[in-house]
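Subject: Structure handover

Hello,

Please find the structure below, with its sequence. My notes on what was found in it follow.

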Amino acid sequence: MSENICYADAYARQTDADVVDVDADAHAVLLDRTVFYPGGGGQPADSGRLVGDAGGSWTVTGARKRGEDVWHAVAEGEELPAVNTQVTAEIDWERRHRLMRTHSALHVLCGVVWRDHRASVTGGNMQPLSGRMDFEFETMSGDLVAEIEQRVNEEVAADREIRVSILPREEAFAIPDLLRTKINLLPEGITEVRTIEIVGLDLQADGGTHVAHTGEIGRVKVTGYESKGRINKRIRIEVSDD
Ligand SMILES: [Zn+2]
């Protein structure tokens with residue numbers, strides 16, 4: 001199993017690592033340790049590079065989980081490093097930080113919509129600085145969406161702490177609000193649940209990377225909303241620096 005630092009420290013941009021296996025068919029390498037987020041929960045995988053201690057560098061175009069291992073896809077046309085090569089693995093930090101801001105903005109949106117309207121999330125997706133969330137939200141309207149945008153930015157301005165915890169399964173399942181993020185769909189064998197808490201606003205079971213305080217998100221703008229049926233509604237957002 002490869003150790004992944006990103007779950008405990010989303011701000012880790014790089015780590016020393018050894019190449020422990022290579023897969024010529026997938027053109028990918030397995031490291032003993034990594035900072036690359038392998039994708040999931042609507043957040044795309046990181047890209048970046050590996051720099052060899054003894055020279056050489058490799059472009060990492062993406063990462064993917066296989067079992068508990070994270071495989072790093074190397075750009076086509078670049079020769080794979082040999083097993084036991086010592087490298088520094090580093091992510092494209094600018095892109096990742098934008099994803100962390102966007103991911104955190106979606107949590108704020110989720111928290112505001114639940115707090116003010118008791119509408120639960122059914123799914124979401126993001127790219128750096130833009131994202132969407134789907135809700136079971138029958139009463140959503142243009143007026144409401146404008147108000148939601150304002151409330152979201154109030155929570156950004158409040159600079160709330162965003163806290164990561166690992167809870168035993170039983171403890172996590174005892175938190176009523178966590179049920180709305182479909183925690184009950186987690187596989188039977190899971191013994192620990194990672195939670196992301198925007199202190200005072202939102203608590204979810206989650207595997208992604210987030211900023212440490214909501215103030216780091218920046219300005220959130222609702223760029224659109226649409227009906228995906230009578231009950232299911234989609235809200236689109238963009239995140240900017242001003
Ligand atoms: Zn999240």
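**Overall fold**

Of the contacts in the chain between residues at least 6 apart in sequence, 67% link residues that are at least 24 apart. Keep in mind throughout that this is a predicted model.

The chain contains three helices and 15 strands. How does the radius of gyration compare with that of a compact globule? For 242 residues such a globule would have a value near 18 Å, and the chain has 19 Å, so the two agree. Taken along the principal axes, the box filled by the C-alpha atoms is roughly 60 × 40 × 35 Å. Buried residues make up 47% of the 242. The accessible surface of the chain is about 11700 Å², and 46% of that belongs to carbon and sulfur atoms.

**The barrel**

Six strands form a closed barrel, in the order β2-β3-β7-β6-β5-β8, and their pairing is antiparallel. On average, neighbouring strands in this sheet are turned by 45° against each other, if direction is ignored. As background, the strands of a sheet pair through backbone hydrogen bonds, and the pairing can be parallel or antiparallel.

Strand β8 (residues 86-91) holds Thr 88. Is Thr 88 buried or exposed? Its relative accessible area is 16%, and buried means under 20%, so Thr 88 is buried. Leaving out residues up to four places away in sequence, Thr 88 touches Gln 14, Thr 15, Asp 16, Arg 49, Leu 50, Val 51 and Asp 53.

The loop between β2 (14-23) and β3 (28-31) contains His 27. This residue is not a glycine, yet His 27 has a positive phi of about 50°. His 27 counts as buried because its relative accessibility is 14%.

Arg 118 lies in the loop between α1 and β9 (120-127). Arg 118 also has a positive phi, of about 55°, without being a glycine. Is Arg 118 buried or exposed? With a relative accessible area of 55%, Arg 118 is exposed.

β9 pairs with strand β10 (residues 130-136) in the antiparallel sense, over seven bridges. Together β9 and β10 make a hairpin with two residues between them, and in the turn Leu 129 has a positive phi of about 75°.

**Helix α2**

Helix α2 (residues 142-157) has 16 residues. From its first C-alpha to its last, α2 reaches 23 Å, close to the 22 Å expected at 1.5 Å a residue.

Which residues of α2 are buried? They are Leu 144, Val 145, Ile 148, Glu 149, Val 152, Asn 153, Glu 155 and Val 156. The elements that cover these buried residues include α1 (93-117), β14 (219-227) and β15 (232-240). Just after α2 comes Asp 159, with a positive phi of about 50°.

Regards

Note on methods
Residues are numbered from 1 along each chain as its sequence is written. This is a predicted model: local features need pLDDT of at least 70, side-chain atom pairs count only at pLDDT 80 or more; totals for chains, interfaces and linings use all residues. Side-chain values use heavy atoms; hydrogens and water are left out. Two strands pair if DSSP finds at least two bridges between them. Helices (H or I, at least four residues) and strands (E, at least two) are DSSP runs, numbered from the N terminus. Axes are lines fitted to C-alpha atoms, for helices over the stretch in contact, and angles run from 0 to 180 degrees between N-to-C directions. The radius of gyration is taken over C-alpha atoms; the globule rule is 2.2 Å times the number of residues to the power 0.38. Buried means under 20% relative accessible area, exposed over 50%, partly exposed in between (1.4 Å probe, protein chains only). Contact means heavy atoms within 4.5 Å. Accessible areas come from the Shrake-Rupley method with a 1.4 Å probe; for residues, only the protein chains shown count as cover. The expected span of a helix is 1.5 Å times one less than its number of residues.
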